[in-house]
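Please look over the chain and its fold before reading on.

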Amino acid sequence: MARRNKRVILEDLEVIDAGAKGKAVARAEDGRVVFINNAVPGDVVTIQTTKKRKAYYEGTAISVAKLSEKRVEPVCQHFGTCGGCKWQNMGYEHQLFYKQKEVVNNLTRIGHIELPNVTPILGSDAQYFYRNKMEFSFSSNKWLTLEQIQSDIQIENKNALGFHIPGMWDKILDLNKCHLQRDPSNAIRDFVKDEGQRLDMPFYNTRKQEGMLRTLMIRTTSIGEIMIVLQMFEDHKGKREALLDALALKFPEITSIQYVINNKGNDTIYDQEVICYKGRDHIFEEMEGLQFKINAKSFYQTNSEQAYELYKITRDFAGLTGKELVYDLYTGTGTIAQFVAKKAKKVIGVESVPDAITAAKENAQLNGITNVEFLVGDMKNVFNQDFVNQYGAADVVITDPPRDGMHKDVVAQLIALAAPKIVYVSCNSATQARDLSLLDEYYKVTKVQPVDMFPQTHHVENVVLLEKRNA
Ligand SMILES: C[S@@+](CC[C@H](N)C(=O)[O-])C[C@H]1O[C@@H](n2cnc3c(N)ncnc32)[C@H](O)[C@@H]1O
């Protein structure tokens, strides 16, 4: 193993591509592909490898002989340390180019799909400050830069509130300014950090599993509502209330202040009680006159403005006339189901998270939508012939699975169902390609529309229309 991973220097490689999980790509003289975590296509770089395999190396650029013309100056002071926006050093038009390329490559190379003309990727108007949800972690053991470690200045205060350093579960980058969520996100985070310290509330120590302040979630919506969820490890009622009262006083615009007391090993709040301290226990998002109630645990697409574009494309691909029975598989809180409902006869939504289905039903009621029905269940168990017998055979299926794509039994049931149209929305075109190849004998891909929901990252959403062959 040691020999396999022996580090070598590869000099003056031209970077030729980007996209593979966000990495830039070059080719070494021995023919191996080189995946580089800190370069831009067009750069000429010298690489220190970190991993060697039969077909590839992984490595880091340690010097640059030529800087690519595709480069731009990153706007964020944390670029390079924070794992969040790895493509900030590449111009946005180039980011879009490589995202589109990634989708086409995956569909053709993994899926072996014969593609129609792929419509150019839909870019995001907002290239920064587009996220509606951020989760920050507290730590008493902040990440120190090499300069800080080497300097003579003693760093007394090691408290941090920010993001995990990539690959390091116990190291947190202390954020000054993050460019992902609109104001007052940065101001709220800074205030909570300062006030927590002023009140002498210990920041969480992951290794020792001690401390009070653990995570801070901030959710915002396009109509200006704001939710804060503060997670405590050890609780101190007096200090917690003093902190939350001060927060409410400083930011009267906050709609919902909630907290969680979680002293288990991991910091997921999904199995925890979320307690409402001030305001409502939910906020509202709006889209085309529809209202969506979002609570602390709800899934909602993270870029609201682009989610609207994504849903419009989905509805357009579905080509509804008002007569169709539609299945919305992996419906989450039923957003797509409700978005297409007024153009369909009936929509059936399926989702595995019970809270999401409760929210979906509430939202439908709130919106006065009566032609939707939602049920809870794992798709691979509930989506079967009994399901089809109960609800009727769908004319259009919309499917929006998680990153892993669809279970093979779900694909098999889609084949058995033989609906005339399937609209497949995916956040991972590699698993989408795998699923499409299973459907290929029965369905032809007739439209492909990549959508950029996450500027400055390599992530890309893709919507595909499948039409039944010989229908
Ligand atoms: C990408 S999200 C789509 C959400 C929704 N379509 C939207 O746009 O808001 C995928 C959803 O699938 C759900 N999910 C994951 N695995 C599932 C399974 N095996 N069966 C049913 N739902 C599942 C997740 O909880 C999540 O809500």
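**Domains**

The coordinates are those of a predicted model. The domain assignment divides the chain into domain 1 (1-71), domain 2 (94-126 + 303-468) and domain 3 (133-287).

Strand β5 (residues 44-52) has two antiparallel partners described here. One of them is β1 (residues 9-14), joined to β5 by 4 bridges, and in this pair Ile-9 stands opposite Gln-48. The other is β6 (residues 56-66), joined to β5 by 8 bridges, where Thr-46 has Ser-63 as its bridge partner; a hairpin of 3 residues connects β5 to β6.

Strand β4 (residues 33-36) pairs in an antiparallel manner with β3 (residues 23-27) over 4 bridges, and Val-25 is found opposite Phe-35 of β4. These two strands also form a hairpin, with 5 residues between them, and Gly-31 in the turn has a positive phi of about 95°. Strand β4 pairs with β6 as well, this time in the parallel sense and over 4 bridges, with Val-33 having Tyr-56 in β6 as its bridge partner.

The pairings can be set side by side as follows.

| Strand pair | Sense | Bridges |
|---|---|---|
| β1 and β5 | antiparallel | 4 bridges |
| β5 and β6 | antiparallel | 8 bridges |
| β3 and β4 | antiparallel | 4 bridges |
| β4 and β6 | parallel | 4 bridges |

**The ligand shell and the binding-site positions**

The ligand is surrounded by 17 residues, of which the closest are Tyr-330, Gly-332, Ser-352, Met-379 and Asp-400. Sorted by class, this shell holds 9 nonpolar, 5 polar and 3 charged residues.

An unreviewed UniProt entry places the feature "binding site" at Gln-301, Tyr-330, Glu-351 and Asp-400. Of these positions, Tyr-330 sits in the loop between β16 (325-329) and α6 (335-341), and it counts as partly exposed because 19 C-beta neighbours lie inside 10 Å. Leaving out residues up to four places away in sequence, Tyr-330 touches Glu-351, Met-379, Thr-399, Asp-400, Pro-401 and Pro-402. Gln-301 belongs to another loop, the one between β15 (290-295) and α5 (304-318), and it is buried because 22 other C-beta atoms lie within 10 Å.

**The active-site annotation**

For "active site", the unreviewed UniProt entry lists Cys-427. Cys-427 is placed in the loop between β20 (421-426) and α11 (429-439). Is Cys-427 buried or partly exposed? With 19 C-beta neighbours inside 10 Å, Cys-427 counts as partly exposed, since being buried requires 20 or more. Residues up to four places away in sequence aside, Cys-427 touches Arg-403, His-459 and Glu-461.

**Ser-256 in strand β12**

Ser-256 lies in strand β12 (residues 256-261) and counts as buried, with 21 C-beta neighbours inside 10 Å. Beyond its neighbours within four places in sequence, Ser-256 is in contact with Met-227, Ile-228, Cys-276, Gly-279, Arg-280, Asp-281, His-282 and Ile-283. Ser-256 and Lys-278, although 22 residues apart in sequence, are 6.0 Å apart in space from C-alpha to C-alpha.

Conventions. Residues are numbered from 1 along each chain as its sequence is written. This is a predicted model: local features need pLDDT of at least 70, side-chain atom pairs count only at pLDDT 80 or more; totals for chains, interfaces and linings use all residues. Domain bounds come from an automatic or database domain assignment. Two strands pair if DSSP finds at least two bridges between them. A residue is near a molecule or strand if its C-beta atom, placed from the backbone, lies within 6 Å of it. Ala, Val, Leu, Ile, Met, Phe, Trp, Tyr, Cys and Pro count as nonpolar, Asp, Glu, Lys and Arg as charged, and the others, Gly among them, as polar. UniProt positions are given in the numbering used here, feature names are shortened, and annotations may be inferred rather than shown by experiment. A residue is buried if 20 or more other C-beta atoms lie within 10 Å of its own, exposed if 12 or fewer, and partly exposed in between; C-beta atoms are placed from the backbone. Two residues are in contact if their C-beta atoms, placed from the backbone, lie within 7 Å.
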